[in-house]
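Thank you for making the time this morning.

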Protein chains: 2
Amino acid sequence: MNKITNLFKIKYPIIQGGMIWCSGWELASAVSNAGALGLIGSGSMTPEILQEHIKKCKAATDKPFGINLPLIYPFAEDHINIILKEKVKIIFTSAGNPKKYTSYLKQHGITVVHVVANVKFAKKCEEAGVDAVVAEGFEAGGHNGIEETTSMVLIPTVWKAISIPLIAAGGIASGKAMLAAMILGAEGVQIGSVFAASKESSGHENFKKEIINAGDDATKVTLKQIIPVRLIKNKFFNEVQDAEYTGASIEELKKLLGHARAKKGMFNGDIDEGELEIGQVSGMINKLKPAGEIIKEIMGEFVDEKMKIANNDF
Amino acid sequence: MNKITNLFKIKYPIIQGGMIWCSGWELASAVSNAGALGLIGSGSMTPEILQEHIKKCKAATDKPFGINLPLIYPFAEDHINIILKEKVKIIFTSAGNPKKYTSYLKQHGITVVHVVANVKFAKKCEEAGVDAVVAEGFEAGGHNGIEETTSMVLIPTVWKAISIPLIAAGGIASGKAMLAAMILGAEGVQIGSVFAASKESSGHENFKKEIINAGDDATKVTLKQIIPVRLIKNKFFNEVQDAEYTGASIEELKKLLGHARAKKGMFNGDIDEGELEIGQVSGMINKLKPAGEIIKEIMGEFVDEKMKIANNDF
């Protein structure tokens, strides 16, 4: 179909975001089996757990799948060794310098994609030799770029700056948004939030309910002085926000953030005290569905919208 | 062509944002003469100056044009009286309650559009009887919604919530972005930044240069505790940002903001001490052009992109 489907040998140019606490082998294999690219989110896994998920994912699908690896994660090198050992052929790296591992991974025959939030890093990725770039807009859930560039601006500016294929992320949960992203220059889309709320997501049921009940104003980016992160505006969020605006030091903010807040919220289901990382697009997610159904609906709407334009129907 | 072109009796579904200090009669008439809808930005004018601009705009074009009116502006009522007296037939209201003046204006045969940044206010507009809604995303320049909802998410969520026509604003300066916005549900687009940097803009040459030289990371939203506003990150911006993060009170922030900062920057050209309100999309604006040429280029690209999709060219 295009450069992205050819690169990953997939049917549809849709990549499921490798989100922490949500993207285990069940979700990744369900997505890959439906013709898109599933990613295991290794950022919340120990090397042993990652290995187990890779093995289970291989057993559950014969289609390509990949791993999302945040490079600042303490287990990053151990994870890479597991990925090489298990011969997974696709890695999406994020949160770190793309020059650090790209050539090493490519020497081992791995397709490498790096996630960026601005033009400067997109160019750095191209220099580092990655195969494609994910440009993730401000509307995306979880960790976020300090520039706060939105998908509507980020996609065309990155597209203009690089010549390798571009995948758009942030604010996409429908075929219309997918088509909009592709008109802006993307050749594929990475979709997170709607899969976090899917049947196969390993996120806690309470977290999925929060996503489904979220309105257009349910999330916001906070912790801008440490690492900006988009969260549902729950009790924990309000405490952080208040601390930031009353002049809390970075040490005080780190103390408030504490340990394992994301696990508490997203995996253990503590919707008040936990960190609930999700995209702004959760305002458009109203039902828990199987991943395969989500992909079918998005592709159906994508094709319908293309036809409407072809028929000049607006 | 569609509901928006019919509503305003214009050729192209493009509305020029009625920006303070940039949108006088020269810009509004140039835009209207080129087949789009020009707006005089009354938010930086006294009633006398507004009347003068309306008279000059009438003399410069026989096409429809309108007025942008921020409802929180102290001269709002005087402005309305001038607009009625001069028989201008289109008003875009913003920054205030759409219920306050809409029925009064409509009784006088005026087409009323209100600018919103979230679903709740879009519904309120529909109830108030406005003719159309502008949904302005977080990427837009100047005053900004506290929800920080981006165009990619705001356009489809507002589209779903209302049945009156929708105009998208924020992040749009190209035919591709215009088509993307229309796929997401808009029937027209409101475009600001690129017109602020146009030949006919009354903004200062120094301000126009700043827009043209801006990269993708040049702007940010600040003053979130008073009224969030997107600015170029200059010396003044940095002072405000530092004050916010060291726990400055609202009074201290207001004192720092002081008086006539926007005029100082945008109209008088003090690029260090002035407030330079502009959209994130300024990273894509690289040349000062006449307004008519901008509209021609945007419409050309819009039609080309539609053809590409019709021919399945991606």
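Let me begin with a question: which residues in H6(A) meet which residues in H7(A)? On the H6(A) side they are A:Val119, A:Ala122 and A:Lys123, and on the H7(A) side they are A:Thr157, A:Val158 and A:Ala161. Please keep in mind throughout that this is a predicted model. By class, that helix contact has four nonpolar residues, one polar and one charged. As for the geometry, the axes of helix H6, residues 119-128 of chain A, and of H7(A) come within 9 Å and cross at roughly 40°, and the crossing is right-handed.

Turning to chain B, we find H6(B) and H7(B) packed at an angle of about 40° with their axes 9 Å apart, and here too H6(B) passes H7(B) in a right-handed crossing. The residues that meet are B:Val119, B:Ala122 and B:Lys123 from H6(B), with B:Thr157, B:Val158 and B:Ala161 from H7(B), and by class this contact has four nonpolar, one polar and one charged residues.

Let me now stay with H7. In chain A, nine of the 11 residues of H7(A) are buried, so the helix is largely enclosed by the rest of the structure. The buried residues are A:Ser151, A:Met152, A:Val153, A:Leu154, A:Ile155, A:Pro156, A:Thr157, A:Val158 and A:Trp159. What do they pack against? Within chain A, the partners are H6, strand E6 (132-136), strand E8 (166-169) and H8, and from chain B they are joined by H7 and H8. H7(B), residues 151-161, is likewise mostly covered, with nine of its 11 residues buried, and those buried residues pack against H7 and H8 of chain A as well as against H6, E6, E8 and H8 of chain B.

That brings me to the contact between the chains, in which 42 residues of chain A touch 42 residues of chain B. On the chain A side, the elements giving two or more residues are H7 (151-161), H8 (175-183) and H14 (291-310), and the largest share, six residues, comes from H8(A). Sorted by class, this side of chain A has 17 nonpolar, 16 polar and nine charged residues.

Beyond its neighbours within four places in sequence, A:Thr150 is in contact with residues of both chains, including A:Gly137, A:Phe138, B:Phe138, B:Thr150, B:Met152 and B:Gln280.

Finally, the core. The largest nonpolar core has 204 residues, and the members that touch the most others are A:Val133, A:Ile167, B:Val133 and B:Ile167. Domain 1 (3-202 + 284-297) and domain 2 (214-281) of chain B both contribute residues to this core, so it lies between them.

Notes
Residues are numbered from 1 along each chain as its sequence is written. Chains are lettered from A and ligands numbered from 1 in the order in which they are written. This is a predicted model: local features need pLDDT of at least 70, side-chain atom pairs count only at pLDDT 80 or more; totals for chains, interfaces and linings use all residues. Two residues are in contact if their C-beta atoms, placed from the backbone, lie within 7 Å. Helices (H or I, at least four residues) and strands (E, at least two) are DSSP runs, numbered from the N terminus. Ala, Val, Leu, Ile, Met, Phe, Trp, Tyr, Cys and Pro count as nonpolar, Asp, Glu, Lys and Arg as charged, and the others, Gly among them, as polar. Axes are lines fitted to C-alpha atoms, for helices over the stretch in contact, and angles run from 0 to 180 degrees between N-to-C directions. A crossing is left-handed if the near helix is turned anticlockwise from the far one by less than a right angle, and right-handed if clockwise. A nonpolar core is a set of buried Ala, Val, Leu, Ile, Met, Phe, Trp, Tyr and Cys residues joined through C-beta atoms within 7 Å. A residue is buried if 20 or more other C-beta atoms lie within 10 Å of its own, exposed if 12 or fewer, and partly exposed in between; C-beta atoms are placed from the backbone. Domain bounds come from an automatic or database domain assignment.
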